[in-house]
Amino acid sequence: SDRPLEGRVALVTGASSGIGRASALRLAKAGARLLVNYYDDRQSAEDVVAQIAAAGGSAVAHQTDVSDENQVETMFERCHKDLGPPDVLVANAGIQKDADLISMSADDWDAVLSTNLRGQFLCARAAARAFCARERPSDGASGNIIFMSSVHDSIPWAGRSNYSAAKGGTLMLMKSLAQELGPDKIRVNAVSPGAIMTDINRDAWEDEDSRQDLLKLIPYGRVGEPDDIARAVLWLASDESDYVHGHALYVDGGMMLYPGFREGG
Ligand code: NAD
């Protein structure tokens, strides 16, 4: 069907921009009711909600700092109250605070680990509690968690050790929870994007020279767009991917293929 998520409820963090926004729109188009989480850009979140409503879907915007335990609990209560019990979590919110190790402040380290890893832990825990509290369906998953990781869960990244450490942590968080929650019929996976044009990496693609440099790392020859990731999120969120469990799906135009070896090897 073209609405594989009809009747389901999905919660997407960091959904007012970039990959989160594209994912929320895709899931809504597939029939899910959406909680559109945002951090500080209320207007953009309301725009996403309005776009979903205009297409006949239903969604609410909800402000939450994903690194705050109480706020995360409140977000899941809001979801339950306004939309129903959640079926899908897309733990997408993430930031970068780039610095060489020598000049990296402890605040830069903590900010990235708090949002990117603690935030994913808190949201996954709240989702798993909600999934376990309800009756199990006779077939299919009783819950679905999708973490937004990165090729930098595997590719080291000088000058961004906080970010790559957090994403490496996301990968093992995902695998450990998949092992742990499988018996509860909760599916757990990650999407690991390559270079996608969003606000987080505007410097890397906005001007032509930087874009050409970036393309050297991408065998498929184009920089990614948020919807490239959103389509993978939709597949993992739907029963089409039932039995895919504990997997990180790299959606990266081949960035993981060591493209330097084309010339250098
Ligand atoms: P983005 O900056 O557009 O999106 C990040 C979102 O997270 C923003 O909406 C921001 O408001 C939100 N956010 C930040 N701190 C938050 C907090 N404490 N609580 C709740 N929300 C918070 O950039 P994006 O590229 O769409 O990033 C989304 C995810 O994709 C991130 O986890 C990022 O690490 C990952 N990612 C992006 C790329 C890329 O090339 N763009 C590549 C790999 C992974």
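Modeller: Start with arginine 125 and glutamate 69. They form a salt bridge, and their closest N and O atoms are 2.7 Å apart. A salt bridge here is a side-chain nitrogen of Lys or Arg within 4 Å of a carboxyl oxygen of Asp or Glu. Arginine 125 belongs to helix α4 (residues 106-132) and glutamate 69 to helix α3 (residues 69-82), so the pair ties together parts 56 residues apart in sequence. Helices (H or I, at least four residues) and strands (E, at least two) are DSSP runs, numbered from the N terminus. Arginine 125 has a relative accessible area of 22%, so the residue counts as partly exposed. Glutamate 69 is partly exposed too, at 36%. For these labels, buried means under 20% relative accessible area, exposed over 50%, and partly exposed in between, with a 1.4 Å probe and protein chains only.

A word on the basis. This is a predicted model, where local features need pLDDT of at least 70 and side-chain atom pairs count only at pLDDT 80 or more, while totals for chains, interfaces and linings use all residues. Residues are numbered from 1 along each chain as its sequence is written, and side-chain values use heavy atoms, with hydrogens and water left out.

Now the sheet. Seven strands make an open sheet, ordered β3-β2-β1-β4-β5-β6-β7, with parallel pairing. Two strands pair if DSSP finds at least two bridges between them. The edges are β3 (59-63) and β7, each pairing on one side only. On average, neighbouring strands are turned by 15 degrees against each other, direction ignored. Axes are lines fitted to C-alpha atoms, for helices over the stretch in contact, and angles run from 0 to 180 degrees between N-to-C directions. Strand β4 (residues 88-91) runs parallel to strand β5 (residues 143-148), and four bridges join them. Within this part, valine 88 stands opposite asparagine 144 in β5.

The salt-bridge count comes to 17. Another pair is arginine 8 with aspartate 239, whose closest N and O atoms are 2.8 Å apart. Arginine 8 lies in the segment before β1 (9-12) and aspartate 239 in the loop between α8 and β7, so this pair ties together parts 231 residues apart in sequence. Arginine 8 is partly exposed at 23% relative accessibility. Aspartate 239 is partly exposed at 39%.

Aspartate 227 and arginine 26 form one more salt bridge, with closest N and O atoms 2.9 Å apart. Aspartate 227 sits in helix α8 and arginine 26 in helix α1 (residues 18-29), which makes the pair a link between distant parts of the chain, 201 residues apart. Aspartate 227 is partly exposed at 26%, and arginine 26 is partly exposed at 24%. Salt bridges that share partners join Arg26, Arg222, Asp227, Asp228 and Arg231 into one network.

Last, a loop residue. Tyrosine 243 lies between α8 (226-237) and β7 (248-251). Its phi is near 90 degrees, a positive value in a residue other than glycine. Tyrosine 243 counts as exposed, at 82% relative accessibility.
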